[in-house]
There are 2 protein chains.
Amino acid sequence: MSAYADLEKRFRRLSGLAGAEGVLHWDWAVMMPPGGAEARGEQLAVLSGIAHELITAPDLGDLLDQANADSDQLDIWQRANLTEMRRRWAHATAIDADLVEALTKASTECEMTWRDAREANDFKMVEPKLTRLLALVRQKADAKSAVLGLSPYDALLDSYDPGTKGARVDQIFDELRQDLPDLLARVLERQAEKPAPQKLVGDITPENQRRLGERLMEVIGFDTNFGRLDVSHHPFTAGVPDDIRITTRYKDGDFVESLMAVSHETGHALYERGLPKDWRGQPVGEAGGMSLHESQSLLMEMQACRSEEFISFIAPLIRDAFSGEGVTWDFENLHRTYRRVEAGLIRVEADEVTYPAHVLMRTDLERAMIAGDLRVADLPGAWADGLKALLGVMVPNDRDGCMQDIHWYGGDFGYFPTYTLGALAAAQLFAAAHASDDSIAAGLGNGNFKPLMAWLATNVHGFGARLGLDDLLTEATGAPLSTAAYKAHIEARYLS
Amino acid sequence: MSAYADLEKRFRRLSGLAGAEGVLHWDWAVMMPPGGAEARGEQLAVLSGIAHELITAPDLGDLLDQANADSDQLDIWQRANLTEMRRRWAHATAIDADLVEALTKASTECEMTWRDAREANDFKMVEPKLTRLLALVRQKADAKSAVLGLSPYDALLDSYDPGTKGARVDQIFDELRQDLPDLLARVLERQAEKPAPQKLVGDITPENQRRLGERLMEVIGFDTNFGRLDVSHHPFTAGVPDDIRITTRYKDGDFVESLMAVSHETGHALYERGLPKDWRGQPVGEAGGMSLHESQSLLMEMQACRSEEFISFIAPLIRDAFSGEGVTWDFENLHRTYRRVEAGLIRVEADEVTYPAHVLMRTDLERAMIAGDLRVADLPGAWADGLKALLGVMVPNDRDGCMQDIHWYGGDFGYFPTYTLGALAAAQLFAAAHASDDSIAAGLGNGNFKPLMAWLATNVHGFGARLGLDDLLTEATGAPLSTAAYKAHIEARYLS
């Protein structure tokens, strides 16, 4: 067996383990009775421990070198696969088993405490645990930095979004920082000239929302032979390409959030479904990073499903689903409901105009924490200052301030930028798709997503992890990522 | 670290892997969309491959020897744990990796073909696959026989029911073979003197059945903080002690089967819940074999939940659950409905009087197949002859004949005897429980299972795998397994 073939065999095994972990996590969030948490934690620790042993096996570095030496016998996909294997191996071997274990323990403890602290609105409760966790994350970042030849923050970022650097994020975020306040002010001014959306009253039960959600998935093109929709505390997508699990949550009497979550997660799901079939079970057959993943969910949610064309199509379906009556259920009011812009406290509730401000602030704060320039004790104040500066919003308490997101309390630093990189990529990809095929917009108006999905299959999904964010955008849209399409989209949707 | 401590660590890891496999199997049967089968098969193959590597690690035999040499430092539980570790190791190392792989492949293929062949009622379709699979199972039995010092069939039996031998099964089954025909004839004669049960008509929807099933679980003592009830094609119990998943299935308009399946699976579940807490994650902390497991489900289903006392208690709850009206919903008719005896074709639909005949016949056939005395091609005829001889029933087709059960087609030979050993043990344990505590029967009449569960906790559940079938029965009832209590039970329930 050649070194490369041996590597494929090993990474196929790792993919099986990762798939198993995915089912265990999904089940935890969706099905598991509360008493099962401890045993499930042990099962997951066993699986991740074995996966870590497999990828840090003493001979794996040699195999990578050997395969690299023979890489002239590999095709473009195999070479990209080998590159992605090496990246994963470098991340895994950069930190020793003791640090892995300490990080797992500290994240679990901090996340558990965070739940209580958030509930009690008491940041002091979680401060020591987050301080300890941050120290370990910085250790990890330093260790990876040395091995990967990246700055500590870039080393963290690279594990979520291969190849994306902090300097590139700065370049893009600085533009947003400059342009967003004016854009937001203009949008709000224009919005104030129009009537506010009126509350929708009807038979908006969870069951009716579920049925409409499943109809929406079907319209977009989700085949329930290969996945399912369930309920969880926070919406998410999990699973493998032929078995994709998406979730949403239902508020009795309000369908707006649940339905948009379904469109968002269906975007993630269809990306997974469209990944290259020939490369299933190999690193290059997986998604090309979290920014691209988020671009696919936001393209579906923000670009396609809030387009005028699609809202015209879905408005009568929504009215029927909830036995809605009267003028509030017409296109105009639905349109306003789905496009309300408002500077607020909570990231996950933010609209597409104010959302980037939340991410900019978090990115600043986490970079300062990783650099050692911001202490955990000073986080609540820095958060409040940040939100006031960027959105003019006062933070009334830490529960809705620096304790609102799970990421840092679970040890995830370097993830936040991918949300906004994804939003920008979504706008850029959608614009390119539109420009290349007239039938896409027309299709959305008829509930026919096939033209859009065909474009995405060729230009995004089918690449797997072969191309990173900028390379894929260059290939698909003719230019690397920029803020231009996003700003043009906001102008067109809210100011034209 | 001592050799014994090292072994505990390794077997804890194996337990985590087995727990993960359990979730994956449950999800497959209950939640997974059909398209996920191939990926799930790969995930399970990876996990079982890793588990096989861990238990056949080259140094594990030495560790077992070393721990054995130091066994004077171990307490009774640790020694029993060590014995069970060695048994598992011996089973795993007896067959080489190539045979394991060939068996996995051949069972999967045969089982898949069986589904189609059964559907098409065409035994010829599956005959070659079953022939090939049987050859491999015989190879496995021979290999285990050599290592374990057991006959080939006993070596298979031992993997489901540690320590139980074919000669012991013969002894017990020969008694049944002798006594059952007369017992059945007398039961049917007596039954013919009474009115037949009348069909129950009411609002017997799946949803109402589910609600009543959950109520029944609650009455028996199942805490839904530590488990859940779902639907699957065949009822089963899976999971770990703090996260037990049971399933049933609903026939619209007929609750008898679904409700009894719930009581049966709840019996399995409470055995798991009651296993010794101090030994979680270790072999000795698991159940003491499949016969004991079945004794706990049948004790609940056949002994407790079909007792006069309990039917009196549950009759009004059943009537209310289905908005039943009139005399058919009274105790008398329910009682008759739940105790109908009838010689039939299908094992899983059989009553407690005719069930053993199905098992006797299957045990004869599988022993002959393993011994090389019965060819697969001759199975349909042997099946038809067997059922006619034992129950006087004619087999109209192979679908409802030798293709009705999945076991052999999935490679499980040596499992069938445990159903009837379990039924006999259930009767013997229930009689001993009754004799030792008057409040048990009284409790069943009030829907109070606490006295019964307390007796089972002390006398069965708490032993884990420390005692095998006969040793546990001797400890709990004063005598090893016999047919006496079962026959007395049938006499008392159907002939007194």
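A: The following account begins with the helix pair, then turns to the chain, the pairing of the two copies and a few individual residues.

The model is a predicted one. In chain A, helix H16, covering residues 417-436, packs against helix H20, covering residues 484-495, with 7 Å between their axes and an angle of about 75 degrees. Since angles of 65 to 115 degrees fall in that class, H16(A) and H20(A) are therefore roughly perpendicular to each other. On the side of H16(A), the contact is formed by A:Ala423, A:Leu424, A:Ala427, A:Gln428 and A:Ala431. H20(A) contributes A:Ala485, A:Tyr486 and A:His489. By class, six of the residues in this contact are nonpolar and two are polar, while none is charged.

Of the 496 residues in chain A, 44% are buried. Among contacts in chain A with a separation of 6 or more, 71% join residues 24 or more positions apart.

Chain A also meets chain B, with 29 residues of chain A in contact with 29 residues of chain B. On the chain A side, helix H1 (3-30), helix H2 (37-55) and strand S1 (227-231) each provide at least two residues. That side comprises 13 nonpolar, eight polar and eight charged residues. Chain A is superposed on chain B by a rotation of 179 degrees with 0.0 Å of shift along the axis, at an RMSD of 0.0 Å. This is the relation of a two-fold axis. Both copies use the same surface, in that 100% of the contact residues of chain A recur in chain B.

In chain B, B:Ala141 lies in helix H6, residues 123-148. B:Ala141 has 25 C-beta neighbours inside 10 Å and therefore counts as buried. Leaving aside residues up to four places away in sequence, B:Ala141 touches B:Pro152, B:Tyr153, B:Ala155, B:Leu156 and B:Ile370. The C-alpha atom of B:Ala141 is separated by 35 Å from that of B:Ala457, which is 316 residues away along the chain. In chain A, A:Asp142 is found in helix H6 (residues 123-148). Because A:Asp142 has 14 C-beta neighbours inside 10 Å, A:Asp142 counts as partly exposed.

A:Asn121, in the loop between helix H5 (97-120) and H6 of chain A, has a positive phi near 50 degrees although it is not glycine. With 14 C-beta neighbours inside 10 Å, A:Asn121 counts as partly exposed. B:Ser323, in the loop between helix H12 (308-321) and helix H13 (331-338) of chain B, is likewise a residue other than glycine with a positive phi, here about 50 degrees. B:Ser323 has 11 C-beta neighbours inside 10 Å and so counts as exposed.

Terms used. Residues are numbered from 1 along each chain as its sequence is written. Chains are lettered from A and ligands numbered from 1 in the order in which they are written. This is a predicted model: local features need pLDDT of at least 70, side-chain atom pairs count only at pLDDT 80 or more; totals for chains, interfaces and linings use all residues. Axes are lines fitted to C-alpha atoms, for helices over the stretch in contact, and angles run from 0 to 180 degrees between N-to-C directions. Helices (H or I, at least four residues) and strands (E, at least two) are DSSP runs, numbered from the N terminus. Angles under 35 degrees count as roughly parallel, over 145 as roughly antiparallel, 65 to 115 as roughly perpendicular and the rest as oblique. Two residues are in contact if their C-beta atoms, placed from the backbone, lie within 7 Å. Ala, Val, Leu, Ile, Met, Phe, Trp, Tyr, Cys and Pro count as nonpolar, Asp, Glu, Lys and Arg as charged, and the others, Gly among them, as polar. A residue is buried if 20 or more other C-beta atoms lie within 10 Å of its own, exposed if 12 or fewer, and partly exposed in between; C-beta atoms are placed from the backbone. Copies are superposed by least squares on the C-alpha atoms of residues with pLDDT of at least 70 in both.
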